[in-house]
Amino acid sequence: MTDAPPPAPPGRTALDPLVGSRVALRHHIGERDGRPLFTDAVGTLSDGGVRDGVATVVVATRRGDVVVARDAVVAVREVPPAVPRRAPWTDVARLQNLCADAWPALVDRPLGAWRLRAAAGFSGRANAAVAIGDPGVGTAAALSILHGFAEEHGIVPRVLAPAGSPWSRAVRAEGWVPDAGYEPGPEVSTQVAACEALASDAPLDVSDEPGDDWWDLALGSSPTPAQRHVLTSGGGRIAHLGFGRTGDLSGVVRLAVVDDHLHVARLAVAPSARRRGTGTALVTGAARWGLERGARWLVLQVSTANPAGLAFWASLGATEHHRYHYLVPA
């Protein structure tokens, strides 16, 4: 807050071109000892319309919206986007464990706070040690145990750890490196969105057991026992929407409510139903279904090497919570 003499007001012609941009906006808030007082608001600028006969603008700051009378604005300038704030590691650990619960492996063996998981090679998430917290035996010993677990279940020894986390750093200090050969990409973005903001009233068919047409669209083949287990157990539900032009399903998705989160996975749209809003309808219908079952947040995991997927979720308002990666022996 300052009491410097006011510069000339920027006027409508200076404010309107910055609507939708992130700005630093200085405005007059009163007087003290006969001298004007000013303060600044930093955030995204929008037109506030007329309120109580006064033309206004709104600055969406991190602490909430600040409504400012246009004639109180004395200076405004565009500023760079805010640096995203990383979620606390306790929140990252909770969400990563919720996602693991929603994507059940055939084997899920605790090792301290770690989880050794195997599912006959189906998906990285179900065939890696989720390294969250203290394994209870030291990192080197935990990795040695993981080698034995992987050999026992015929999978590659692999660690799933939040990128940049102390758990990732501890594993990398033992000589493990990011898995460059992992097909989905080097990092996976865990994203969240509010169910209430997404939910629509469109009906979504949800069942416990998928039919052959669901498997064909979701996997391109009949499921293996491991695939069937991961996708249909642990509270998982199978959802689909409508029918395409050939009479087949137009889109499918796999849903699971864990605690206050709705986990969304295996979203697939038939070629004949693409670019017709099918994917969006699946997600918004899923959000309604989750909301009715106590879920407040929708969570999904998408590879950072999938720009189309990232763009789709961004268009629905999903935001990144954290990223994770896979580490393997050098």
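The following legends describe close-up views of a predicted model. Local features require pLDDT of at least 70 and side-chain atom pairs pLDDT 80 or more, whereas totals for chains, interfaces and linings use all residues. Residues are numbered from 1 along each chain as its sequence is written, and side-chain values use heavy atoms, with hydrogens and water left out.

**View A. Helix α8, residues 278-291.** Helices (H or I, at least four residues) and strands (E, at least two) are DSSP runs, numbered from the N terminus. The 14 residues of α8 reach 20 Å from the first C-alpha to the last, close to the 20 Å expected at 1.5 Å a residue; the expected span is 1.5 Å times one less than the number of residues. Of these 14 residues, 10 are buried, where buried means under 20% relative accessible area, exposed over 50%, and partly exposed in between (1.4 Å probe, protein chains only). Among them are L282, V283, A286, A287 and W289.

**View B. The surroundings of R125.** R125 lies in the loop between β7 (114-118) and β8 (129-130). Leaving aside neighbours within four places in sequence, the residues in contact with R125 (heavy atoms within 4.5 Å) include W103, H263 and Y324.

**View C. The salt bridge between R158 and D179.** The closest N and O atoms of this pair are 3.0 Å apart. R158 lies in the loop between α3 (139-153) and β9 (159-162) and D179 in the loop between β10 (176-178) and β11 (187-194), so the bridge ties together parts that are 21 residues apart in sequence. Both R158 and D179 are buried.

**View D. The salt bridge between D40 and R26.** The N to O distance is 2.8 Å. D40 belongs to strand β2 (residues 35-51) and R26 to strand β1 (residues 22-32), 14 residues apart. D40 is partly exposed, at 45% relative accessible area, and R26 is partly exposed, at 27%.

Notes:
Salt bridge = Lys/Arg side-chain N within 4 Å of Asp/Glu carboxyl O.
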